[in-house]
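Biologist: Could you walk me through this fold slowly, starting with the overall layout?
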Amino acid sequence: MNYEPWQHLVIENFLPKKEFDYHCWRAQQIDIVDNVNRHFLDYIPFPGIQWLKDDFDFVRSHDDTSVFVHYAATKAGFHHPRHVDSQFKIMSAVLYLSPEENHGTDLYRSEKGELITNVDWKPNTLFVFCGRYNHTWHDYRATTNRYTLNWFLV
């Protein structure tokens with residue numbers, strides 16, 4: 001578990017190679033027309049990860065939960081400005097897929113604060129956090145076309 005600037009997990013070599021290669025291939029089938037293009041899945045890969053939320057010190061209360069998953073293909077040169085995830089997201093997990101080199105996710109203490117750390121881009125690395133309003137500030141950019149598999153507990 002990492003605590004700077006806020007609590008998050010980084011898990012390298014998250015998927016077995018064959019499964020990882022499949023998701024890379026699927027994501028790269030997305031036509032990149034807009035800055036961020038999404039393809040929603042009708043199934044939940046790696047369904048057990050919602051229990052990772054139990055490792056976090058703070059998780060927003062919830063009664064019923066759902067999961068949604070999508071591939072995201074981000075156009076080279078796009079920068080998603082600093083933000084906190086939507087209030088309905090209890091836990092967010094981003095699996096870096098492709099390419100081999102890109103920019104990861106920058107983490108900040110506040111909306112206008114300085115950069116604290118970067119979750120390095122490394123294929124097959126899973127970045128997980130439980131969003132907190134006005135606390136889990138982050139942004140990302142694509143130096144080249146960027147492909148991820150995004151999983152949300154809502």
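Modeller: Keeping in mind that this is a predicted model, the protein chain follows the pattern β-α-β-β-β-β-β-β-β-β-β when it is read along the sequence, and that comes to one helix and 10 strands.

Biologist: And how compact is the protein chain?
Modeller: Its radius of gyration is 15 Å, close to the 15 Å that the globule rule gives for 154 residues, so the protein chain is as compact as a globular protein of that length. Taken along the principal axes, the C-alpha atoms fill a box of roughly 35 × 35 × 25 Å, and 47% of the 154 residues count as buried.

Biologist: OK, which strands make up the open sheet of six?
Modeller: The order across that open sheet is 1-8-5-10-3-2, and the pairing is antiparallel. Strand 1 (9-11) and strand 2 (36-40) are the edge strands, since each of them pairs on one side only. On average, neighbouring strands of this sheet are turned by 20° against each other, with direction ignored.

Biologist: Where does helix 1 pack?
Modeller: Helix 1, which covers residues 17-27, packs on the sheet and touches strand 2, strand 3 (67-74), strand 5 and strand 10, while its direction makes about 85° with that of strand 5.

Biologist: How many bridges join strand 5 to strand 10?
Modeller: Seven bridges join strand 5 (residues 91-98) to strand 10 (residues 146-153), and the two run antiparallel. As one example from this pair, Met91 stands opposite Leu153 in strand 10.

Biologist: Remind me, what holds strands of a sheet together as pairs?
Modeller: In general, strands of a sheet pair through backbone hydrogen bonds, and the pairing can be either parallel or antiparallel.

Biologist: Changing topic, which residues have the most contacts inside the largest nonpolar core?
Modeller: Those are Leu97, Val128, Leu149 and Trp151, in a core that has 26 residues. The elements that give two or more residues to this core are helix 1, strand 3, strand 5, strand 8 (126-129) and strand 10.

Biologist: What does Leu149 touch?
Modeller: Leaving out residues up to four places away in sequence, Leu149 touches a list of residues that includes His23, Leu41, Phe46, Val69, Tyr71, Val94 and Leu97. There is also a second, separate core of eight residues, and among them are Trp6, Tyr96, Phe127 and Phe129.

Biologist: Now strand 9, why is it described as largely enclosed?
Modeller: Four of the five residues of strand 9 (residues 137-141) are buried, so strand 9 is largely enclosed by the rest of the structure. Strand 4 (residues 79-83) pairs with strand 9 in the antiparallel sense over three bridges, and within that strand His138 is the bridge partner of His83.

Biologist: How many bridges join strand 6 to strand 9?
Modeller: Four bridges join strand 6 (residues 105-108) to strand 9, and they run antiparallel. Thr105 has Tyr140 in strand 9 as its bridge partner, while Leu107 stands opposite His138 in strand 9.

Biologist: Which way do the residues of strand 6 point, and are they buried or exposed?
Modeller: Thr105 and Leu107 point one way and Asp106 and Tyr108 the other way, yet all of them are buried.

Biologist: And how do strand 6 and strand 7 pair?
Modeller: Strand 6 and strand 7 (residues 115-119) pair in the antiparallel sense over four bridges, and they form a hairpin with six residues between them. Within this pairing, Tyr108 stands opposite Leu115 in strand 7.

Key: Residues are numbered from 1 along each chain as its sequence is written. This is a predicted model: local features need pLDDT of at least 70, side-chain atom pairs count only at pLDDT 80 or more; totals for chains, interfaces and linings use all residues. Side-chain values use heavy atoms; hydrogens and water are left out. Buried means under 20% relative accessible area, exposed over 50%, partly exposed in between (1.4 Å probe, protein chains only). Two strands pair if DSSP finds at least two bridges between them. Axes are lines fitted to C-alpha atoms, for helices over the stretch in contact, and angles run from 0 to 180 degrees between N-to-C directions. Contact means heavy atoms within 4.5 Å. The radius of gyration is taken over C-alpha atoms; the globule rule is 2.2 Å times the number of residues to the power 0.38. A nonpolar core is a set of buried Ala, Val, Leu, Ile, Met, Phe, Trp, Tyr and Cys residues joined through side-chain atoms within 4.5 Å.
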